[in-house]
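Work through the exercises below with the sequence and the 3D structure at hand. Try each task before reading its solution.

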Amino acid sequence: MNVIAILATIFGVITGLANIPQIIKIFKTKSAKDLSITTNTIFLISSIIWLLYGFQLINYPLIIANIIYIITYSLIIIGFLIYRK
């Protein structure tokens with residue numbers, strides 16, 4: 001891996017982990033009030049497409065980052081579906 005690929009992987013992971021405070025808030029407060037399910041669903045679908053593209057290119061930074069995005073966006077959507085009151 002070259003330096004740009006390493007940086008892309010690191011910052012892709014960090015960006016994906018940026019959703020964790022939102023996930024914690026949803027499950028801790030048991031509320032998804034004011035959360036946009038549309039936005040997070042679009043992000044999830046986009047991440048799935050980017051993941052598939054990463055597999056096609058065999059591009060590990062894309063693959064790793066988008067796996068994390070898919071996990072975190074899925075958790076947000078699950079939290080929304082459970083606590084959407």
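**Exercise 1.** Find which backbone nitrogen a side-chain oxygen of Asn 2 reaches at the start of H1.

Solution. The model used here is predicted. Go to the start of H1 and pick out the side chain of Asn 2. One of its oxygens comes to within 3.1 Å of the backbone nitrogen of Ile 4.

**Exercise 2.** Compare the reach of helix H1 with the span expected at 1.5 Å a residue.

Solution. Step 1: H1 runs over residues 3-17 and has 15 residues. Step 2: the expected span is 1.5 Å times one less than the number of residues, which gives 21 Å for H1. Step 3: from first C-alpha to last, H1 reaches 21 Å, close to that expectation.

**Exercise 3.** List the buried residues of H1, and explain why they lie on the same side of the helix.

Solution. Step 1: the buried residues of H1 are Ala 5, Thr 9, Gly 12 and Gly 16. Step 2: around the axis they cover an arc of only 70 degrees, so they sit on the same side of H1. Step 3: what covers these buried residues includes helix H4 (60-83). Step 4: on the face of H1 turned away from its buried side are the exposed residues Val 3 and Ile 4.

**Exercise 4.** Classify the ring pair of Phe 43 and Tyr 73 as stacked, edge-to-face or tilted.

Solution. Step 1: the structure holds 4 aromatic pairs. Step 2: in the pair of Phe 43 and Tyr 73, the ring centres are 5.3 Å apart and the planes stand at 25 degrees. Step 3: planes under 30 degrees apart count as stacked, so the pair of Phe 43 and Tyr 73 is stacked. Step 4: Phe 43 belongs to helix H3 (residues 37-57) and Tyr 73 to helix H4, so the pair ties together parts 30 residues apart in sequence. Step 5: Phe 43 has 38% relative accessibility and counts as partly exposed, whereas Tyr 73, at 12%, counts as buried.

Methods. Residues numbered from 1 in each chain as written. Predicted model: local features only at pLDDT ≥ 70, side-chain atom pairs only at ≥ 80, totals over all residues. Heavy atoms only, no water. Helix = DSSP H or I, 4+ residues; strand = E, 2+ residues; numbered from the N terminus. Buried < 20%, exposed > 50% of the residue type's maximum accessible area, 1.4 Å probe, protein only. Arc of directions from axis to C-beta. Contact = heavy atoms within 4.5 Å. Polar contact = N/O pair within 3.5 Å; in protein donor to acceptor, adjacent residues only side chain to side chain. Phe/Tyr/Trp six-rings, centres within 6.5 Å; stacked < 30°, edge-to-face > 60°.
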